[in-house]
Amino acid sequence: MKKKVLQNSFLTEAATLLKEGKSVRIRINGESMFPFIRGGKDIVEIIPYHLKDPLKKWCCTFYEWNGHYMIHRYIGSNMEKCRMMGDGNLAQVEEVNRYEIIGILKAIYHPDGSIQECNDPQWLRKAEYWYRLRKLRRFLIPLMKRFIK
């Protein structure tokens with residue numbers, strides 16, 4: 001199967017659909033959400049986010065930051081800014097305005113046919129524990145990549 005890498009313009013189209021109230025499914029590329037989302041393998045379903053909707057801590061958001069569209073985890077807020085961090089990132093935290101959040105991940109579709117619901121409290125709790133281990137990620141991520149296919 002031939003692999004095609006889509007530029008950020010594809011994500012612009014996804015953002016447009018979300019703003020129109022439609023959900024989208026896209027195959028994630030990149031490693032910033034490993035180990036919860038595996039780049040090049042997993043497909044995510046994103047639903048529109050509206051400012052009036054509550055934002056659950058540890059949920060995954062689709063947002064625009066510095067002209068790029070990203071999917072990272074909501075780790076809290078700092079006054080009027082929302083703080084986001086990729087599960088595979090060691091230290092980088094993005095601060096975005098709430099109105100820059102376009103969508104929320106609803107589900108992750110894995111190649112083995114399993115589906116992870118992204119609002120599942122147990123899954124969100126695992127994300128919180130993973131966040132607390134961020135100082136150890138430098139060692140954990142390479143080990144996990146060897147064993148998680």
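**Chatting through a predicted model**

Trainee: Hi! What do the side chains of Glu 31 and Lys 145 meet in?

Mentor: Hello! They meet in a salt bridge, at 3.6 Å from N to O. Keep in mind as we chat that this is a predicted model.

Trainee: Noted. Where in the chain do Glu 31 and Lys 145 lie?

Mentor: This pair links distant parts of the chain, 114 residues apart. Glu 31 is in the loop between strand S1 (24-27) and strand S2 (43-48), while Lys 145 belongs to helix H3 (residues 137-147).

Trainee: Which residue does Glu 128 pair with?

Mentor: Its partner is Arg 132, and the closest N and O atoms there are 2.5 Å apart.

Trainee: How far apart are Glu 128 and Arg 132 in helix H2?

Mentor: Four residues, so about one helical turn separates them in H2 (residues 121-132). Arg 132 counts as exposed, at 56% relative accessibility.

Trainee: Let's go inside. Which residues touch the most other members of the largest nonpolar core?

Mentor: That core has 30 residues, and the ones touching the most other members are Val 44, Ile 46, Phe 62, Ile 71 and Leu 105. Helix H1 (8-19), S1, S2, strand S3 (60-65), strand S4 (68-78), S7 and H2 each supply at least two of its residues.

Trainee: Which element gives the most to this core?

Mentor: H2 does, with five residues.

Trainee: What does Leu 105 touch?

Mentor: Setting aside residues up to four places away in sequence, Leu 105 touches Ile 37, Val 44, Glu 45, Ile 46, Cys 60, Ile 71 and Cys 118.

Trainee: And Val 24, where is that one placed?

Mentor: Val 24 is in strand S1. Val 24 has a relative accessible area of 8%, so this residue is buried. Not counting residues up to four places away in sequence, Val 24 touches Ala 14, Leu 17, Leu 18, Val 44, Glu 45 and Ile 46.

Trainee: Now pockets. How much space lies in the second largest pocket?

Mentor: About 260 Å³. Its lining has 14 residues, and Ile 47, Lys 56, Ile 104, Leu 105 and Asn 119 lie nearest the centre.

Trainee: Which elements give two or more residues to that lining?

Mentor: S2 and strand S7 (101-109). S7 provides the largest share, three residues.

Trainee: How do the lining residues divide into nonpolar, polar and charged?

Mentor: The lining of the second largest pocket has nine nonpolar residues, one polar and four charged.

Trainee: What about Arg 98? Where does Arg 98 lie?

Mentor: In the loop between strand S6 (94-97) and S7. Arg 98 has a relative accessible area of 28%, so this residue is partly exposed. Leaving aside neighbours within four places in sequence, Arg 98 is in contact with Tyr 49, Leu 51, Asp 53, Pro 54, Leu 55, Glu 80 and Cys 82.

Trainee: Last topic, the backbone. Which residues does a cis peptide bond join?

Mentor: Phe 34 and Pro 35, with omega at about 10 degrees. Pro 35 is placed in the loop between S1 and S2.

Trainee: What is phi for Trp 58?

Mentor: It is near 80 degrees, a positive value in a residue other than glycine. Trp 58 is found in the loop between S2 and S3, and counts as buried at 9% relative accessibility.

Trainee: And what is phi for Asn 66?

Mentor: Asn 66 has a positive phi of about 50 degrees, although it is not a glycine. Asn 66 lies in the loop between S3 and S4, and is exposed, with a relative accessible area of 62%.

How values were computed
Residues are numbered from 1 along each chain as its sequence is written. This is a predicted model: local features need pLDDT of at least 70, side-chain atom pairs count only at pLDDT 80 or more; totals for chains, interfaces and linings use all residues. Side-chain values use heavy atoms; hydrogens and water are left out. A salt bridge is a side-chain nitrogen of Lys or Arg within 4 Å of a carboxyl oxygen of Asp or Glu. Buried means under 20% relative accessible area, exposed over 50%, partly exposed in between (1.4 Å probe, protein chains only). On a 1 Å grid over the protein atoms alone, a cavity is a set of points where a 1.4 Å probe fits but cannot get out, and a pocket is an open set with protein on both sides within 12 Å along at least five of seven lines; lining residues have an atom within 4 Å of a point. Grid points are joined across faces, edges and corners, and a volume is the space filled by probe spheres set on the points. Ala, Val, Leu, Ile, Met, Phe, Trp, Tyr, Cys and Pro count as nonpolar, Asp, Glu, Lys and Arg as charged, and the others, Gly among them, as polar. A nonpolar core is a set of buried Ala, Val, Leu, Ile, Met, Phe, Trp, Tyr and Cys residues joined through side-chain atoms within 4.5 Å. Contact means heavy atoms within 4.5 Å.
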